[in-house]
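Here is a short briefing to read alongside the model.

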Amino acid sequence: MRNPSRWTLAGALVLLIASGAVAASLRTAPEASTRFISDADGRSIVEHGFNTASSAKSTPDGFPLFTEDDLAREQADMGTNFVRFLISWRAVEPEKGVIDQGYLDGVEERVQWYADRGYSVMLDMHQDLWGSAITPSGDSGNGAPAWATFTDDLPVSTGDMWELVYLEPGTIRAFDHFWNTTGEHPELAEHYADAWRAVAERFADNDAVVAYDLMNEPYGGTLQGVAFESGPLTELYQRTTDAIRKADKDTWVCVEPQAFGFNWGLPSALGAIDDPREGDPRVAFCPHLYPLPMDLGEGFAGDSKGLVQGTVAQWRSNALRTAEVLGQGRGAVPVILGEFGLDATGEGAGDYVKLVYETADAAGMGVVYWSRDDGSWGPYETDGAERNLVSWLNRSYPREVDGLVSWRSSADGVTFSVEDGGTAAVYLPPATFTSEPTVQGADVRAWDPASGLLTLDVTGDATVTVER
Ligand code: MNI
């Protein structure tokens with residue numbers, strides 16, 4: 001049980017993907033999303049950045065091991081404009097009914113580092129395996145506070161593959177209580193929504209915070225798939241959105257599907273959320289992508305390569321389908337790939353990164369890499385040395401654009417189209433764009449070769465091409 005063979009699991013994946021493809025083929029997917037989260041100036045944002053950071057899961061204060069200098073380096077090296085910043089329920093509401101304003105001060109201080117550099121921020125209420133109180137040692141899960149953790153003394157054993165701890169009886173029971181499948185803890189979801197309301201009260205007037213990711217990688221306990229997503233998960237999102245809107249009318253809410261399955265390319269049954277704000281709804285979709293063969297340690301090569309390519313294609317269609325459901329007849333909502341990442345020492349790692357960005361660009365999705373931690377999944381070594389990932393993530397892209405419709409990026413530049421244009425900010429890696437690029441379809445307002453930032457004026461409907 002503890003060590004299912006890789007190929008048994010890979011075989012299961014083939015079946016899962018095949019059944020997902022059948023379910024998915026019942027409805028055609030949109031080609032792309034043409035709607036985007038916007039910044040305070042109303043410009044569409046193409047999100048490029050990092051999850052910051054996994055270290056926040058286990059630090060006592062809940063903050064990532066990440067400094068303002070680290071941010072400056074990231075911006076100089078890769079031209080990022082976005083962060084999915086990890087926060088946690090255990091830090092927001094450490095005691096039942098008590099909001100830790102000191103923790104929110106710390107979040108606000110870090111948000112300001114990003115604001116000072118022109119970034120947009122998504123706050124992500126993170127959890128994995130419910131919370132650290134699922135085991136006495138506290139070193140397995142993260143997210144929920146101890147007071148909200150009810151395992152009913154059912155066992156939770158831990159082993160090599162952390163994901164399998166989701167299948168432990170005590171973990172399942174903790175989730176069953178949260179979703180009130182047990183009928184014993186209706187208060188937990190209320191506290192969760194109120195914790196979000198407290199966060200929203202703090203950031204409602206903060207222009208840098210553009211989105212709230214309501215729950216990281218939701219898991220349904222004994223309820224899985226359709227029963228979970230169309231039921232308690234959609235309900236929690238509605239309740240939390242309603243709570244947030246009492247304090248904050250403008251910041252986008254971002255919803256995730258059940259991680260189990262969707263991350264591997266399967267469809268979601270998430271229902272639509274009604275946004276009580278006046279004007280256009282601000283609900284976005286923020287799914288994750290982790291193809292199973294790569295979860296199992298395979299590279300992007302050999303037998304696993306085709307499976308991974310198939311997974312990415314299915315994932316893209318399924319993400320756009322759900323975005324369309326969330327759009328309730330107005331077309332697909334904005335989509336951000338909230339997490340993808342890999343051990344960049346594996347075979348074909350750079351090709352996989354390229355595939356994901358090219359797929360996301362063509363589908364109109366922002367991309368947030370997992371994660372901004374040191375080591376083989378990250379951009380730097382613990383001693384600060386730069387890793388291969390830096391050059392792979394350092395891509396040209398239109399950063400913030402009035403009236404953006406679509407874009408493509410290549411090593412030689414970027415092309416994008418707009419409706420009713422205005423200004424556009426484009427990032428071009430300074431190492432390759434050493435002289436002023438050639439621009440068609442727009443006027444250059446400013447070019448800063450040091451930061452790679454190109455500012456353009458675009459008039460009306462236009463296709464803009466920027467080339468070195
Ligand atoms: O791979 C997963 C994942 C696998 C399995 C399951 N279940 C069995 C419910 C859930 C999730 N997640 C991938 C990444 N997400 C977290 C942070 O959100 C990262 O630490 C993981 O690498």
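The notes below cover the ligand shell, one asparagine and the salt bridges.

This is a predicted model, where local features need pLDDT of at least 70, side-chain atom pairs count only at pLDDT 80 or more, and totals for chains, interfaces and linings use all residues. Residues are numbered from 1 along each chain as its sequence is written, and side-chain values use heavy atoms, with hydrogens and water left out.

**Around the ligand**

- The ligand is surrounded by 15 residues, and the closest are Lys57, His126, Asn216, Glu217 and Glu339; a residue is near if one of its heavy atoms lies within 4 Å.
- On its own the ligand has 520 Å² of accessible area, and the protein covers 92% of it (Shrake-Rupley method, 1.4 Å probe).
- The shell holds 6 nonpolar, 3 polar and 6 charged residues; Asp, Glu, Lys and Arg count as charged, Ala, Val, Leu, Ile, Met, Phe, Trp, Tyr, Cys and Pro as nonpolar, and the others, Gly among them, as polar.

**Asparagine 51**

- Asparagine 51 sits in strand E2 (residues 48-52), strands being DSSP runs of at least two residues and helices of at least four, numbered from the N terminus.
- With a relative accessible area of 0%, asparagine 51 is buried (buried is under 20%, exposed over 50%, partly exposed in between, with a 1.4 Å probe and protein chains only).
- Its side chain meets that of arginine 84 in a polar contact of 2.6 Å, and reaches the backbone oxygen of glycine 338 at 2.9 Å; a polar contact is a pair of N or O atoms within 3.5 Å, and within protein one must be able to donate a hydrogen and the other to accept it, while residues adjacent in sequence count only if both atoms are side-chain atoms.

**Salt bridges**

- The count comes to 23 salt bridges, each a side-chain nitrogen of Lys or Arg within 4 Å of a carboxyl oxygen of Asp or Glu.
- Glutamate 74 pairs with arginine 372 at 2.9 Å. Glutamate 74 is in helix H2 and arginine 372 in the loop between strand E9 and helix H12, so the pair ties together parts 298 residues apart in sequence.
- Arg84, Asp124, Asp213, Glu256 and Glu339 are linked in a salt-bridge network.
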